[in-house]
Amino acid sequence: KTPEKGVKRAAEDLDVPKQPKNAFLLFLDWCRSELQSSIPAAAVVKECARRWRELSEGDRKPWLLKAADLRAEYSKMLADPARNSQHAKRQRQAPARQAWP
């Protein structure tokens with residue numbers, strides 16, 4: 001069975017960092033800020049996606065490099081032994097979870 005709606009995530013799940021944004025999502029954040037005042041809100045994402053498709057590889061390169069930097073930072077954070085030992089310590093201290101009925 002799946003958990004019911006409104007059930008909070010366990011504390012150990014909250015400790016895991018979110019995955020970094022990819023190049024398109026970084027571009028989308030920038031594009032939204034540029035277009036929000038000029039076109040209706042419903043059309044912003046559609047227009048940004050159209051602009052992303054029209055970008056050449058050279059124009060996409062800054063966004064791809066930024067995404068790669070964020071991915072490397074995320075991987076380094078996950079591999080940090082101090083962080084992993086703290087997480088393991090919390091796992092040992094956490095009460096046993098009950099199985100879903």
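**Rings and helices**

Author: At 39% relative accessibility, tryptophan 30 counts as partly exposed, where buried means under 20% relative accessible area, exposed over 50% and partly exposed in between (1.4 Å probe, protein chains only). This is a predicted model, in which local features need pLDDT of at least 70 and side-chain atom pairs count only at pLDDT 80 or more, while totals for chains, interfaces and linings use all residues. Residues are numbered from 1 along each chain as its sequence is written, and side-chain values use heavy atoms, with hydrogens and water left out.

Reader: Is phenylalanine 27 buried or exposed?

Author: Phenylalanine 27 is buried, its relative accessible area being 4%. Of the 101 residues of the chain, 18% count as buried.

Reader: How is a pair of aromatic rings described?

Author: One gives the distance of the centres and the angle of the planes. Rings of Phe, Tyr and Trp (its six-membered ring) pair if their centres lie within 6.5 Å; planes under 30 degrees apart count as stacked, over 60 as edge-to-face and the rest as tilted. Five aromatic pairs are counted by this rule. In one of them, phenylalanine 27 and tryptophan 30 are tilted, at 5.8 Å centre to centre and 40° between the planes. Both residues lie in helix 2 (residues 23-35), three residues apart, about one turn of the helix; helices (H or I, at least four residues) and strands (E, at least two) are DSSP runs, numbered from the N terminus.

Reader: Why is the pair of phenylalanine 27 and tryptophan 63 edge-to-face?

Author: The pair is edge-to-face because the planes stand at 85°, with the ring centres 5.5 Å apart. This pair links distant parts of the chain, phenylalanine 27 in helix 2 and tryptophan 63 in helix 4 (residues 57-79), 36 residues apart. Ring pairs join Phe24, Phe27, Trp30, Trp52 and Trp63 into a cluster.

Reader: How are two packed helices described?

Author: The description uses the angle between their axes and the distance between the axes. Axes are lines fitted to C-alpha atoms, for helices over the stretch in contact, and angles run from 0 to 180 degrees between N-to-C directions. Helix 2 and helix 3 (residues 41-54) pack at about 125°, with their axes 9 Å apart. Helix 2 is therefore oblique to helix 3, given that angles under 35 degrees count as roughly parallel, over 145 as roughly antiparallel, 65 to 115 as roughly perpendicular and the rest as oblique.

Reader: Which residues meet there?

Author: Among them are Phe24 and Phe27 in helix 2, and Cys48 and Trp52 in helix 3, contact meaning heavy atoms within 4.5 Å.
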